[in-house]
Amino acid sequence: MANHPSAEKRNRQRITRTIRNRAVSSSVRTIVKAVDAAVTAKNKEAAKTALARAIKALDTAATKGVVHRKAASRTVSRLSIRVHKMG
């Protein structure tokens with residue numbers, strides 16, 4: 001356990017960041033699954049709207065440092081390819 005005030009503060013910050021990062025990454029996964037479900041159901045309009053939402057969520061997560069920027073870019077690229085192959 002932390003014995004110095006600065007170490008106690010770092011511990012509090014770590015807990016706060018962990019909670020935020022888990023929430024953000026969980027919501028990103030849910031949004032990406034929505035795109036996947038729309039593509040599987042062959043619903044092009046739903047896939048396009050879900051893709052736009054997923055791109056925004058992934059970019060935000062990458063900006064916050066929750067997801068690596070290249071991992072976010074790769075995921076956006078792969079989702080875009082799947083959606084654009086539908087039509």
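Me: In this predicted model, which residues of the largest nonpolar core touch the most other members?

Reply: The core has 19 residues, and Val28, Val35, Leu58, Leu79 and Val83 touch the most other members. Helices α1, α2 and α3 each supply at least two residues of this core. The most comes from α2, which gives eight residues.

Me: What is Leu58 in contact with, leaving aside its neighbours within four places in sequence?

Reply: Leu58 is in contact with Val28, Val32, Ala72, Thr75 and Val76. Contact here requires heavy atoms within 4.5 Å.

Me: Why are α1 and α2 called roughly antiparallel to each other?

Reply: Helix α1 (residues 5–40) and helix α2 (residues 44–64) pack at an angle of about 155°, with their axes 9 Å apart. Angles over 145 degrees count as roughly antiparallel. The two helices are therefore roughly antiparallel to each other.

Me: Why does Ser80 count as buried?

Reply: The relative accessibility of Ser80 is 16%. Buried means under 20%, so Ser80 counts as buried at 16%.

Me: Where is the place of Ser80, and which residues does Ser80 touch, not counting those up to four places away in sequence?

Reply: Ser80 lies in helix α3 (residues 69–84). With that exclusion, Ser80 touches Leu51 and Ile55.

Note on methods: Residues are numbered from 1 along each chain as its sequence is written. This is a predicted model: local features need pLDDT of at least 70, side-chain atom pairs count only at pLDDT 80 or more; totals for chains, interfaces and linings use all residues. Side-chain values use heavy atoms; hydrogens and water are left out. Helices (H or I, at least four residues) and strands (E, at least two) are DSSP runs, numbered from the N terminus. Buried means under 20% relative accessible area, exposed over 50%, partly exposed in between (1.4 Å probe, protein chains only). Axes are lines fitted to C-alpha atoms, for helices over the stretch in contact, and angles run from 0 to 180 degrees between N-to-C directions. Angles under 35 degrees count as roughly parallel, over 145 as roughly antiparallel, 65 to 115 as roughly perpendicular and the rest as oblique. A nonpolar core is a set of buried Ala, Val, Leu, Ile, Met, Phe, Trp, Tyr and Cys residues joined through side-chain atoms within 4.5 Å.
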